[in-house]
Amino acid sequence: MIQQYWLYLIYLLGSVFFIVGLKMLSGPKTARNGNFLAAAGMTLAILGTIFMHTNEDGEPIGNFGWIFGAIAIGTVLGWVSAKKVKMTAMPQMVSLFNGMGGACAALISLVEFGHLHDDASSITVLTIIAGLVIGSISFSGSIIAYAKLQEIMKKTFKLPAQNILTIILLLAIMGLSVYLAFGDSSTALLYTVFALSLAYGVLFVLPIGGADMPVVISLLNSFTGVAAAFGGFLYDNQVMLTGGILVGSAGTLLTVLMCNAMNRSLTNVIFGSFGGGGAAAGEASSFAGGSVKSSTPSDVAILMNYAQKVIVVPGYGLAVAQAQHVIHELESILEKRGVEVKYAIHPVAGRMPGHMNVLLAESNVAYDKLVEMEEINDQFATTDVVFVVGANDVVNPAARSNPASPIYGMPILDADKAKTVVVSKRSMAAGYAGIDNELFYYPNCLMLFGDAKASISKLVAELKEMD
Amino acid sequence: MDAFITFLGQHIEMIYILILSIFVGIEVISKVPSALHTPLMSGANAIHGVVIIGAIIVMGHAEAGNWPALILGFLAVILGTLNVVGGFVVTDRMLEMFKKKK
């Protein structure tokens, strides 16, 4: 018994570490230690469980060979893949790890269902099924999100009557779950619920466009948290409960914050207006008429060299082109010549909030040079050159002016208010929202076509010659 | 209905933890700068890997001959470890970059 109390204390300590760790993760100075602290809490909880846990019958944990074998395999795979992944592929990696957690929760439920005694309460059965359903949705959804971000799956599919279909599927899952708990608890039915939940996860994420993927990943992240919390109920395990619910609530808040940044509601993201709204936007953008002005690196170099102030607007294209180092080089050269350079970070630039910050930090851009949207928007009017690198929707003036546009109402960076806007872009292709950008046709806008890294390198070379 | 109330009554301490944790979770991240959203999401992602404890319990109490339980439990522990280790290591890599230049 005393051993069990020790374990309770360890779980308590683990929970405190999680909370403090999460708190520290929300400040730039303490973040890294916070992550260590949370990891330490996790290690404590895991070791405590292995060596001190006993079930209701007082039996200790066995099968050490299997457990340590599995942990060894998981550690090596997890460590190596996390170390090898490129910074640009970080979002999909997080999604993949999230899926693993969801699958873990689902598997636990599958096994525990087989262990149920005949006298198990219906609520216990419901707890197990809830873990299964939520874990499975999180798993299959995360895998689809991974495939989309990794560009294994490029198109956005939308079945006819998609929304009705998913609602029917969800109702079927709930109905069968209740029947399993209160009626006939057959294993075949359990596997049906399992399969339907996996299908739901796929259908849930498939129609959602790449621009909304961060929101989806964050949402699925909190799903997995909730699935873990159900495990906590099942085993009367406090650390699983606190850890799971912490992530469940923090993840939900994070999801809402991201939606706010795009000025869209969560239901709007999930049930999607982009698919339908896209057609309308296609028509709305036929205003184009005008032509774009193409420029050359040497012209842009002259512009920047004699500017007082340059603001860089980075987007996902910067990450794809791996241009974070050359852009920092450009910034250093300009700063040396007395040009003030800042980076304007839109809350949803890239494919995850903060994606650009992580990427630019990698190339040693100073933290205080990265300015958030609300702070920098007033400065565009007094800026000589705005350099848009691989960003599109976040500088689309249609969000301010065109109510027909699917992104209407999304807060944007007012890049168009600067004296000159230079846009580095591979082609005239639309951004992730799939809509045209009228900024490119503005008289103060110059296009610098080509790979961002190559273009900026040429720009740097031109600037060096000018010295 | 009775079953439900009984369940709540028997787990009342867990319910308290649940409710309080919801508030703590919201409170703790409410002031996070958007620059840290990605690492925070990734760190939270690692923390829900705590589900591995359930996997260890399943694995640790599976009887020797019960192959489905052994295999599913084994898989669950691997997946849970992936979530935990991968999650923390990826988060650390992101944060390492924030620290370097200061």
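A crossing of two helices is termed left-handed if the near helix is turned anticlockwise from the far one by less than a right angle, and right-handed if clockwise. The structure is a predicted model, in which local features need pLDDT of at least 70 and side-chain atom pairs count only at pLDDT 80 or more, whereas totals for chains, interfaces and linings use all residues. Residues are numbered from 1 along each chain as its sequence is written, and chains are lettered from A in the order in which they are written.

Chain A has 18 helices and seven strands, taken as DSSP runs (helices H or I, at least four residues; strands E, at least two) numbered from the N terminus. Of its 467 residues, 52% count as buried (20 or more other C-beta atoms within 10 Å of the residue's own, with C-beta atoms placed from the backbone).

In chain A, the axes of helix α1 (residues 2–25) and helix α9 (residues 238–261) come within 8 Å and cross at roughly 15 degrees; axes are lines fitted to C-alpha atoms over the stretch in contact, and angles run from 0 to 180 degrees between N-to-C directions. α1(A) and α9(A) are therefore roughly parallel to each other (angles under 35 degrees), and their crossing is right-handed. Residues of α1(A), including A:Y11, A:G14 and A:F18, meet residues of α9(A), among them A:V239, A:G243 and A:L246, contact being defined by C-beta atoms, placed from the backbone, within 7 Å.

Chain B contributes 79 residues and chain A 96 residues to the contact between them. On the side of chain B that touches chain A, α5(B) provides the largest share, 31 residues.

Technical notes:
Parallel < 35°, antiparallel > 145°, perpendicular 65-115°, else oblique. Contact = placed C-beta atoms within 7 Å. Buried ≥ 20, exposed ≤ 12 C-beta atoms within 10 Å, placed from the backbone.
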